Amino acid sequence: MSTLRIACLQSAGHGRDVEANLAELDSAAAAAAAAGAEMLVTPEMFVTGYDVGDVAALAALPLVERVVAIAAARGIAVVAGLPAVLPGGGVGNMAVVVGDGGEVLAGYAKTHLFGEIDRRFRAGEAPAAVFDYRGVRCAVMICFDAEFPESVRVAALAGAHLVLVPTANMHPYGAVNEHVMWTRAWENQVHLAYVNRCGAEGATVYVGRTRVIGPDGTELAAAGTGPDLVFATIDTDAVDSARADFDYLSERRPVLYGTLTVSAEDEEAQETDAGTGETG
């Protein structure tokens, strides 16, 4: 058995005020560590703000280095949402994971971009980043990514006990928090931490309602609609227990799911080629 105590920061943040956000991150890290948490998870794009316009100039700042310093100083792992310049150019909507000694454990660029608000970013091309921390296998993805069943399933198949989802979910999509994320935890029998913003940025009003859900569907922690710091304990034995009677992962029949990666257009092309005897 391994356990991991996590703290989830629900906050309105300070749009485009990096110093204020880093100060809040430092304060939350200190409070979380003092309460016995081993990892602090922040919302999507917490370090700069999310609906704050172009963030290319902010992405060029040493944001990861500042998060590293906070994690090391407070002795707690930190999952921070921030913009970062990607290899090859463009800005990614990132989640960076830093260990309690200041080591960078993982970095992930959001792969499913949501509407016009995400057009500023270049989509990532890799699945959820998976890393081990204190005996718990974790995976991190961002907001809209987790609304696609395949994203969380891939993380579960990689052995994740805990799926971390920094998010900036807004009205009118509040049903995602309770219903969709509950389903993602249940259908993969994993812990899932959905850590949201609250308050507003411009015309975007965030729903708050951060949730941590266990692999058996139990709600382990919940926030309301205002600023909060909530805690939950992740237990790898709970994953084994949830899968004792039935295990969705082992009961899958992948041979039946080929159309998940083949579009209708691809199938029509294959049928045409078969009918004409052409090969590619």
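Biologist: Hi! What should I know about the model before we start?

Modeller: The model is predicted, so local features need pLDDT of at least 70 and side-chain atom pairs count only at pLDDT 80 or more, while totals for chains, interfaces and linings use all residues. Residues are numbered from 1 along each chain as its sequence is written, and side-chain values use heavy atoms, with hydrogens and water left out.

Biologist: Thanks! How many salt bridges does the structure hold?

Modeller: There are 13 salt bridges. The term means a side-chain nitrogen of Lys or Arg within 4 Å of a carboxyl oxygen of Asp or Glu.

Biologist: And why would such side chains pair?

Modeller: Side chains of opposite charge can do so when their charged atoms come close.

Biologist: Now R211: is it buried or exposed?

Modeller: R211 counts as buried, at 11% relative accessibility. Buried means under 20% relative accessible area, exposed over 50%, and partly exposed in between (1.4 Å probe, protein chains only). R211 forms a salt bridge with E219, with 2.8 Å between the closest N and O atoms, and E219 is partly exposed at 47%.

Biologist: Which residues are linked with those two in a network of salt bridges?

Modeller: E178 and R209 are linked with R211 and E219 in that network.

Biologist: New topic! How do β4 and β5 run?

Modeller: Strands β4 (residues 91-98) and β5 (residues 104-109) run antiparallel, joined by five bridges. Two strands pair if DSSP finds at least two bridges between them. For instance, the bridge partner of A95 is Y108 in β5.

Biologist: What lies between the strands of that hairpin?

Modeller: Five residues do, and in this hairpin G102 takes a positive phi near 90°.

Biologist: Last one: which residues make the nonpolar surface patch?

Modeller: V255, L256, Y257 and L260 make a patch of about 430 Å². Patch residues have over 30% relative accessible area and no salt bridge; like charges are joined within 9 Å, and nonpolar side chains (Val, Leu, Ile, Met, Phe, Trp, Tyr) within 5 Å. Accessible areas come from the Shrake-Rupley method with a 1.4 Å probe, and for residues only the protein chains shown count as cover. L260 is exposed at 57% relative accessible area and lies in the loop between α7 (248-251) and α8 (264-276).

Definitions and conventions:
Helices (H or I, at least four residues) and strands (E, at least two) are DSSP runs, numbered from the N terminus.
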